[in-house]
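Here's my quick note on the model you sent over. Have it open while you read.

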Amino acid sequence: MSNVWSPQPIPHTDPRGGLPSRVRVYEVGPRDGLQAEAATVPVEIKAEFCRRLVAAGVTDLELTSFVSPKWVPQLADAEELMRRVVSDPATALPESVRTVVLAPNQRGLDRALACGATEIAVFVSATETFAQRNLNTTIAGALRSAEPVIAGARAAGLPVRAYISMAFGDPWEGPVRLDAVVAVAERLRELGCASLSIGDTIGVATPGHVHALIDALSTAGVPTSALAMHFHDTYGQALTNVYAALTADIIEFDSAAGGLGRCPYAKGATGNLATEDLVWMLHGLGIATGIDLHALASTSRWIADHVGHPCPSRVVTALAAAGRD
Ligand code: HMG
Ligand code: MG
């Protein structure tokens, strides 16, 4: 009998009816993954990280943020990274790769456009406390700041993705009401955002809550095709929540290589859902991602050396252990 674990472990594939045949894995490693690391990763390593992610099959990649360098010093090199991976033809990523950058205000948009950005992400909180902590404003103030960013990006022909953070729970305010999230989503859609990424910034969501929020958004007229889910894995619920969202027809999921990342202004947050853990489950369900799991895990082990600690991903850890046997 052949050994399915040799030479490298792969998930046994057992498709389930009713699930999509393919999903978009939206890789946030270079941005969310690195924005709160104690070590500031040199820009040439970030550029190489992006290249290795793309070589592993990533097609949707969040590169960096054009935020205040006083607030997020780890991403102060946004212009130089963009030069290396977007605007310099000698080193740019293939044009087929969707690249996205965050911009919280007009200044951020101007910087992003000057660097040749092709898609913008804005970020707004569903709670007042996090709006204050993360953007030094209110929910209404964040929406007001986002308005010219969305309008300016669209006028330049760029699609806009919008994050709604603290969509499930907030470390200061507790559980978040569905209607609070729906109200922010409706406003972002009115302003012209093409897609909304629903952020479980502190990883507290559970599958019933995921269904309830997707249902509430659908009832308010937000199509599931316009939604992505952004789960942090703080309480170990991220994959379960992805499965719930898959059964509700969501086909875009945010994750970070190795499971790195968190928002530095979100009390108690830990890493994103690891892309390897996500891909293992999706491939096991027979859902295509285009990602080479082993190339990705190798990339995550490589970037872990540069951030100075092992990746939290269970799959990266397990593959490394299996490779040593
Ligand atoms: P502020 O201090 O209220 O604003 O910050 P300000 O207008 O007084 O600006 C402060 C300084 O920053 C000034 O410089 C500005 O010029 C400068 P100074 O005069 O002191 O020398 N500045 C900028 N510089 C460069 N680019 C800009 C920019 N804007 C102002 N775009 C501000 C307000 C929005 C700037 C600040 O709060 C900020 O940058 N916040 C970003 C926080 C952040 O990036 N958090 C992480 C991303 S969100 C996240 O991780 C969650 C997510 O993953 C989803 C989820 O998990 O739920 C997306
Ligand atoms: Mg996040």
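1. First, the ground rules. This is a predicted model, where local features need pLDDT of at least 70 and side-chain atom pairs count only at pLDDT 80 or more, while totals for chains, interfaces and linings use all residues. Residues are numbered from 1 along each chain as its sequence is written, chains are lettered from A and ligands numbered from 1 in the order in which they are written, and side-chain values use heavy atoms, with hydrogens and water left out.

2. Have a look at helix 4, residues 106–114 (helices are DSSP runs of H or I, at least four residues, and strands are runs of E, at least two, numbered from the N terminus). Gly108, Leu109, Arg111 and Ala112 are buried there (buried means under 20% relative accessible area, exposed over 50%, partly exposed in between, with a 1.4 Å probe and protein chains only). These four sit on the same side of helix 4 because they cover an arc of only 165 degrees around the axis, taken from the directions from the helix axis to the C-beta atoms.

3. What covers the buried residues? Among the elements doing so are helix 3 (78–87), strand 3 (98–102), strand 4 (120–125) and helix 6 (139–155), with contact meaning heavy atoms within 4.5 Å.

4. Now the cysteines: the structure has zero disulfides (pairs of cysteine sulfur atoms within 2.5 Å). For cysteine 50, the nearest cysteine sulfur belongs to cysteine 115, 13 Å away. Cysteine 50 is buried, at 0% relative accessible area.
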